[in-house]
2 protein chains.
Amino acid sequence: MEFITFSEDTLRNFTENVFKKMGCSDEHAQLAADVLIKADLRGIDSHGVARLTGYVRLWEKKRINPTPNIRIVHETATTATVDGDAGLGLVVAPFAMKVAIEKAEKYGSGWVAVKNSNHFGIAGYHALMAVEKDMIGYALTNASPLVAPTFSSERMLGTNPICYAFPAGKFPPVIVDMATSTAANGKLEIAQRQGKNVPEGWIQDKDGNAALHPADLKNGGSLLPLGSDREHGSHKGFGLSATVDILSAVLSGASYGPWAPPFVAFMDPLPNQPGEGLGHFLGAMRVDGFRPIEDFKSNMDNWIERFKNAKPIDENQKVIIPGEPELEAEKDRKINGIPLIDAVVNDLNEVAGKLGLQSLK
Amino acid sequence: MEFITFSEDTLRNFTENVFKKMGCSDEHAQLAADVLIKADLRGIDSHGVARLTGYVRLWEKKRINPTPNIRIVHETATTATVDGDAGLGLVVAPFAMKVAIEKAEKYGSGWVAVKNSNHFGIAGYHALMAVEKDMIGYALTNASPLVAPTFSSERMLGTNPICYAFPAGKFPPVIVDMATSTAANGKLEIAQRQGKNVPEGWIQDKDGNAALHPADLKNGGSLLPLGSDREHGSHKGFGLSATVDILSAVLSGASYGPWAPPFVAFMDPLPNQPGEGLGHFLGAMRVDGFRPIEDFKSNMDNWIERFKNAKPIDENQKVIIPGEPELEAEKDRKINGIPLIDAVVNDLNEVAGKLGLQSLK
């Protein structure tokens with residue numbers, strides 16, 4: 001496995017051009033590329049341009065509409081449901097978050113459920129849109145079924161992420177952005193590529209037995225909810241994942257549970273879908289709806305400082321504030337570029353060839 | 001260890017009388033008793049009348065105000081901060097949830113941060129208030145510091161619960177109500193009483209080493225965040241607990257992190273408190289702010305049915321829907337009474353004696 005490093009601009013232009021070739025408007029292509037590049041900059045490689053060919057393949061299968069009519073189909077002063085019209089989640093989710101922010105500006109908070117969408121990239125991108133307005137941001141999405149509930153051997157839920165983002169003062173925002181499974185699927189893919197076993201508690205085989213080899217996941221096994229087993233609280237991970245599924249998909253009218261449409265184009269959605277497409281849930285709350293923003297930021301700085309200085313077990317490893325490693329990655333990669341593994345570059349160039357675009361490099 | 005079983009009414013009357021002796025109004029005494037009895041009915045014994053003497057001891061130390069002036073100190077159309085005036089969390093939280101529900105009735109959603117409060121009982125009680133109005137309920141609270149962040153040996157966070165409650169149709173509501181630590185403190189207390197070790201991954205000793213004996217917790221150790229260790233996602237449990245702490249306490253102006261005032265009266269709050277008392281966060285969203293309630297309930301029923309019938313690993317243990325075991329307990333205990341361990345009964349009777357009340361039995 002080798003890495004090839006590209007500048008942010010190179011990858012951004014390439015990605016925009018791919019989306020334009022799919023028929024996206026300039027505005028949508030720029031936004032969708034921005035979401036993917038942000039993931040790469042932040043070091044969340046599994047959700048960056050490595051996914052670009054996945055979106056292209058869904059578009060080839062006519063499961064992504066490049067010119068969607070994204071619209072509000074139901075609303076109150078502070079709630080709304082958005083129909084994504086099978087558009088890219090990468091543009092549908094920012095549309096929905098804008099609606100949430102506008103409602104919050106007027107009424108203190110705004111909450112938007114989204115149906116008929118697709119994979120929305122990193123949750124943190126959307127939640128951070130609120131933070132820029134001195135609001136607390138919230139972003140959830142359901143996802144391709146890969147996770148089994150406690151006591152089951154069936155893939156019933158996605159890695160269903162939860163993201164909360166909080167503005168701070170002198171420190172960067174606190175961003176909790178996490179899959180509700182013990183391990184994200186990206187980590188399994190890395191282990192598989194390297195031919196390595198994974199720790200006990202990450203996956204089970206198709207019969208629900210503890211498993212260590214990533215191949216067991218491919219062969220009908222499943223990821224385990226955060227907590228890994230009942231004794232260590234996997235019912236809590238299941239409960240969180242269920243919450244994400246209900247808010248994102250049952251509340252919006254999207255397809256939930258095992259019916260969530262898979263991201264991989266070679267798997268068709270199950271028949272008899274109970275809803276439309278994938279679902280998201282976005283929210284924004286004005287901090288100054290609760291207390292003056294400067295008081296909050298000053299307490300956030302104190303919170304961050306206190307946690308950074310919590311007594312470490314090992315002097316060389318202090319407590320990590322959620323969102324800190326991603327910010328460090330972003331600083332580094334903006335200067336030094338974004339490393340992609342050769343397999344990803346080959347995949348991107350294959351798609352570029354098909355679309356009549358110049359290869360990367 | 002022996003159990004003595006009491007009827008709901010007996011325990012309810014006893015509990016109300018204790019709160020009245022503390023100087024609570026009849027209305028507050030009834031409400032506070034209702035929250036505790038609900039925990040016992042639902043089988044969450046650690047949060048029921050077993051805690052009653054703890055509230056009395058805090059009152060003796062003048063850390064609970066029996067006649068609080070609970071009031072909104074800051075608000076927008078859909079957000080508010082409530083000052084609990086050092087009242088019982090058992091009455092402060094329902095006040096705040098009522099405010100959230102009223103805002104949701106008018107504007108679609110309502111969100112209330114609470115400062116200057118105390119332990120609020122089970123989160124599920126408050127979230128269920130919203131469900132009764134066909135709303136989604138949300139309840140969080142920070143709590144006595146017992147949990148160490150990933151990479152730290154210091155108690156920085158409480159078991160900080162998250163509760164989401166969703167109405168359903170023919171099925172009972174789905175209620176996710178969970179501590180964000182791997183094991184709740186109540187489970188440690190049970191192990192300690194029985195002189196038993198706990199599973200690896202529940203606690204660490206004062207230096208941050210893996211520990212198995214509950215005594216290690218008492219001797220300066222800490223509970224571990226959901227996920228147990230870094231490899232199994234303890235940074236996610238830490239992130240969730242941090243989220244609860246920030247929404248409950250930083251947003252409201254309560255004391256956060258290691259400064260959260262301890263529930264046990266023999267431990268004084270740390271000096272230089274950065275805020276006032278304990279904090280909560282309550283929320284309500286009208287389901288029909290997103291889609292017609294009947295459509296939502298019908299999909300919820302389908303969701304529940306599908307998850308109940310997920311392929312089990314063992315034919316004798318099907319998937320448990322969050323909230324189901326508590327409802328089963330409630331049905332049973334309403335008929336057959338509430339079992340209390342003798343140590344709890346003795347403790348309650350000792351307090352009754354001090355307050356000049358009749359003993360239980």
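Modeller: A salt bridge is counted here when a side-chain nitrogen of Lys or Arg lies within 4 Å of a carboxyl oxygen of Asp or Glu. The model is a predicted one, and with that cut-off the rule finds 2 salt bridges across the interface of chain B and chain A. One of the pairs that meets the criterion is Glu154(B) with Arg306(A), whose closest N and O atoms are 2.5 Å apart. Over all chains the count by this rule comes to 38 salt bridges.

On the side of chain B that touches chain A, the largest share of residues, 11, is contributed by helix H8 of chain B, which spans residues 234-250. That side of chain B is made up of 49 nonpolar, 30 polar and 16 charged residues.

As to the extent of the interface, 95 residues of chain B are in contact with 95 residues of chain A, and the area buried between the two chains is about 7300 Å², with carbon and sulfur atoms giving 66% of it. Within chain B, the residues that lose the most area to chain A are Phe151(B), Lys236(B) and Phe290(B), which together account for 11% of what that side buries.

The same surface serves both copies, as 100% of the contact residues of chain B recur in chain A.

For comparison with the salt bridge between chains, one can look at a pair inside chain A, where the side chains of Arg12(A) and Glu8(A) meet in a salt bridge at 2.8 Å, N to O. These two residues are 4 apart in helix H1 of chain A (residues 8-21), so that about one helical turn separates Arg12(A) from Glu8(A).

Finally, there is a sheet in chain A, an open one of 3 strands in the order E9-E8-E10 with antiparallel pairing. Strand E9 (210-211) and strand E10 (222-223) of chain A stand at its edges with a single partner strand each, so one side of each has no neighbour in the sheet. Strand E8 of chain A (residues 203-204) is joined to E10(A) by 2 bridges, the two running antiparallel, and Gln204(A) stands opposite Ser222(A) in E10(A).

Technical notes:
Residues are numbered from 1 along each chain as its sequence is written. Chains are lettered from A and ligands numbered from 1 in the order in which they are written. This is a predicted model: local features need pLDDT of at least 70, side-chain atom pairs count only at pLDDT 80 or more; totals for chains, interfaces and linings use all residues. Side-chain values use heavy atoms; hydrogens and water are left out. Contact means heavy atoms within 4.5 Å. Buried area is the accessible area (1.4 Å probe) that two parts lose on being put together, summed over both. Ala, Val, Leu, Ile, Met, Phe, Trp, Tyr, Cys and Pro count as nonpolar, Asp, Glu, Lys and Arg as charged, and the others, Gly among them, as polar. Two strands pair if DSSP finds at least two bridges between them.
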